[in-house]
Amino acid sequence: ATYELFSRVPLNNAKADARYNFWGVVYDADINVRIYDTLDISEYETVEYFPYLLSTTLSDIIDLNATRETFRRPDGTLAGMVIQDAALTFAAPGPVYRLSGNMIIENDITLTVEP
């Protein structure tokens, strides 16, 4: 895999701050695959990149209330951090769920997996 950012912040410290950057893409899942952090190796801290820019214009910031599907990868597989209540249904991405890496569900978040 090719990464654009590597977290070298030891786990249990402050998150690495990469907010307000333009990543060349506009979806969480596309950004996640560009970052090497706790989702890839548990000894390093998470990189916080939200909110992010949608273009190179500094005022073009993603809607802070946007639905974030950080765990659905561009190739249809699942991996990453679940940061909002979510459901995996027969239609999306089912009926077969393929994991391509670790999935971490944050405290007080519900991930419903439907058959």
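Predicted model: local features only at pLDDT ≥ 70, side-chain atom pairs only at ≥ 80, totals over all residues.
A residue counts as buried when its relative accessible area is under 20%, and as exposed when that area is over 50%; values in between count as partly exposed.

The search of the whole structure gave 6 aromatic pairs. Tyrosine 3 counts as partly exposed because its relative accessibility is 24%. Phenylalanine 6, at 42%, is likewise partly exposed.

Tryptophan 23 and tyrosine 49 form another edge-to-face pair. Here the centre-to-centre distance is 6.5 Å, with 75° between the planes. This pair links distant parts of the chain, 26 residues apart. Tryptophan 23 sits in the loop between strand S2 (16–17) and helix H1 (28–32). Tyrosine 49 sits in the loop between strand S4 (47–48) and strand S5 (78–82). Both residues also belong to a cluster: ring pairs link Trp23, Tyr49, Phe50 and Tyr52.

A nonpolar patch was found on the surface. Its members are Tyr20, Ile61 and Leu64. Together they have about 290 Å² of accessible area. Tyrosine 20 lies in the loop between S2 and H1. With a relative accessible area of 44%, tyrosine 20 is partly exposed.

Notes: Residues numbered from 1 in each chain as written. Heavy atoms only, no water. Phe/Tyr/Trp six-rings, centres within 6.5 Å; stacked < 30°, edge-to-face > 60°. Buried < 20%, exposed > 50% of the residue type's maximum accessible area, 1.4 Å probe, protein only. Helix = DSSP H or I, 4+ residues; strand = E, 2+ residues; numbered from the N terminus. Patch = residues over 30% accessible without salt bridge, like charges linked within 9 Å, V, L, I, M, F, W, Y side chains within 5 Å. Areas by Shrake-Rupley, 256 points an atom, 1.4 Å probe, with all protein chains shown as cover. Salt bridge = Lys/Arg side-chain N within 4 Å of Asp/Glu carboxyl O.
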